[in-house]
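Subject: Structure handover and notes

Hello,

Here is the structure I said I would pass on. Please open it next to this message, and my notes follow below.

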Amino acid sequence: MIYTVTLNPAMDKTAIVPNLTLDAVNRITELRQDPGGKGINVSKVIKKLGGTSNAMALLGGNTGKALRAMLLDAEIDVVAFEVEGETRTNLKIVDPENDTHTDINEPGPVVNEEILDAMLKNLEAKIDVGDIVVMSGSLPKGAPDATYRTWAAELKAKGAKVFLDVDGEKLREGIEAVPYLVKPNEIELGGILGKKLETPAQVAEAARMLVDKGIEKVVVSMGGAGAVFAENGRVVHGISPKVKVGSTVGAGDSVVAALAYAEERGMSLEDTVRLSMATGAANVMQSGTQAAERELVDSLIDQVGIEEL
Ligand SMILES: Nc1ncnc2c1ncn2[C@@H]1O[C@H](COP(=O)(O)OP(=O)(O)OP(=O)(O)O)[C@@H](O)[C@H]1O
Ligand SMILES: [Mg+2]
């Protein structure tokens, strides 16, 4: 089973506002709502790829209820942990006339350690050896910086393959727990190493260092340039198909989804590279955070390049 963890989910509200103007009344011409938060995005993409996952999320208030209902409607299993307060709504204002994207994000509820512990215990009790747990995204207020490190260590001890996709201090801390897979982008990885990673060769060298620390699989995404995949004894550059970009929001999440799907099916490194780069490209072709259809992913698979490093 694949479990995704979303500690700070959001209802993503996308509003189309032609000619957005400050200090004026603006009118929305189109509005859509999507369940969001990195772990939830991963679950949505896994579903489109034809897999299943269990989305574990901290949810609160009416927004939390609505978010849960939308996921169930999309046939995604949700395990909701109720928090006090209201799950945040993140407003994305798209102005097609001026081609601007403005995000206004709510802070979200404050959590306490009891609820985090209850969630971790619940997840631990579910884990069978070899299950995948994807941990990604920001931490809610009240959650200690070391939350992902603690969770990764405990879940790994239960036999789970922990996938970690976080940035900054959370990444630096999380790596210490030696998760099964990490997927930073090149800026996030360079950030914790204190250097700029510009070429695939520099990225490969940094990825090898993490493999040497015991992390089984290191995938460093590089936007339109694809990603470097490192595991014991092998490093390859997956070259992304060239596509027309709609929105790159959630590109990384879609790659993580494909990596989890591929891992669950025991796919080879080559097939994993092809599927994840095709999934990333298919998802950046979409205009919002909607996940791309599997047919589109499949149509791009043959356009993925693989280069040994
Ligand atoms: N312009 C693009 N053209 C084709 N594929 C792309 C493009 N941008 C991103 N991708 C695909 O998406 C993957 C992940 O992108 P990126 O490295 O930007 O992730 P990220 O920075 O983690 O994103 P996120 O904002 O979701 O956290 C890339 O490895 C690539 O496969
Ligand atoms: Mg990312």
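Is G60 buried or exposed? G60 is buried, because 22 other C-beta atoms lie within 10 Å and 20 or more are enough to count as buried. Please keep in mind that this is a predicted model.

You will find G60 in the loop that runs between strand 4 (54–59) and helix 2. Setting aside neighbours within four places in sequence, G60 is in contact with E82, V83, E84, G85, E86, T87 and P109. The C-alpha atoms of G60 and F81 are separated by 8.1 Å, although the two residues are 21 residues apart along the chain.

Overall build

The protein has 10 helices and 14 strands. Its C-alpha trace spans about 60 × 45 × 40 Å along the principal axes. For 309 residues, a compact globule would have a radius of gyration near 19 Å, and the protein agrees with this because its own value is 19 Å. Of the 309 residues, 49% are buried. If you take the contacts between residues at least 6 apart in sequence, 68% of them join residues at least 24 apart.

The two domains

The domain assignment divides the protein into domain 1 (1–20 + 28–177) and domain 2 (180–309). Their C-alpha centres lie 20 Å apart. Where they meet, 28 residues of domain 1 are in contact with 31 residues of domain 2. On the domain 1 side, at least two residues each come from strand 2 (10–16), strand 3 (30–36), helix 1 (38–49), strand 8 (132–136), strand 9 (161–165) and helix 5 (168–176). Helix 1 gives the most to this side, with 8 residues. Sorted by class, this side of domain 1 has 12 nonpolar, 7 polar and 9 charged residues.

In soluble globular proteins, nonpolar side chains tend to be buried together. The largest nonpolar core here has 84 residues, and those that touch the most other members are V133, V134, M135, F163, A207 and A260. Helix 8 (residues 251–264) provides the largest share of this core, 9 residues. Both domain 1 and domain 2 give residues to the core, so it lies between them.

Around the ligand

There are 20 residues around ligand 1, and S221, G224, A251, G252 and G280 come nearest. Helix 8 and helix 9 (269–284) are the elements that give two or more residues to this shell. By class, the shell has 9 nonpolar, 10 polar and 1 charged residues.

Which residues of helix 5 are buried? They are K170, E173, G174 and I175. The elements that cover them include helix 4 (147–157), strand 9, strand 10 (181–182) and helix 7 (200–212). Just after helix 5 comes V178, with a positive phi of about 50°, although V178 is not a glycine. V178 sits in the loop between helix 5 and strand 10. This residue counts as partly exposed because it has 17 C-beta neighbours inside 10 Å.

E75 is not a glycine either, and its phi is positive, at about 60°. The loop that holds E75 lies between helix 2 (61–73) and strand 5 (77–82). With 8 C-beta neighbours inside 10 Å, E75 counts as exposed.

A residue in helix 3

Last, please look at L116, which is in helix 3 (residues 113–126). L116 counts as buried because it has 22 C-beta neighbours inside 10 Å. Leaving aside neighbours within four places in sequence, L116 is in contact with V111, A143 and T147. Between the C-alpha atoms of L116 and G142 the separation is 9.8 Å, and these two residues are 26 residues apart along the chain.

Regards

Key: Residues are numbered from 1 along each chain as its sequence is written. Chains are lettered from A and ligands numbered from 1 in the order in which they are written. This is a predicted model: local features need pLDDT of at least 70, side-chain atom pairs count only at pLDDT 80 or more; totals for chains, interfaces and linings use all residues. Domain bounds come from an automatic or database domain assignment. Two residues are in contact if their C-beta atoms, placed from the backbone, lie within 7 Å. Helices (H or I, at least four residues) and strands (E, at least two) are DSSP runs, numbered from the N terminus. Ala, Val, Leu, Ile, Met, Phe, Trp, Tyr, Cys and Pro count as nonpolar, Asp, Glu, Lys and Arg as charged, and the others, Gly among them, as polar. A nonpolar core is a set of buried Ala, Val, Leu, Ile, Met, Phe, Trp, Tyr and Cys residues joined through C-beta atoms within 7 Å. A residue is buried if 20 or more other C-beta atoms lie within 10 Å of its own, exposed if 12 or fewer, and partly exposed in between; C-beta atoms are placed from the backbone. The radius of gyration is taken over C-alpha atoms; the globule rule is 2.2 Å times the number of residues to the power 0.38. A residue is near a molecule or strand if its C-beta atom, placed from the backbone, lies within 6 Å of it.
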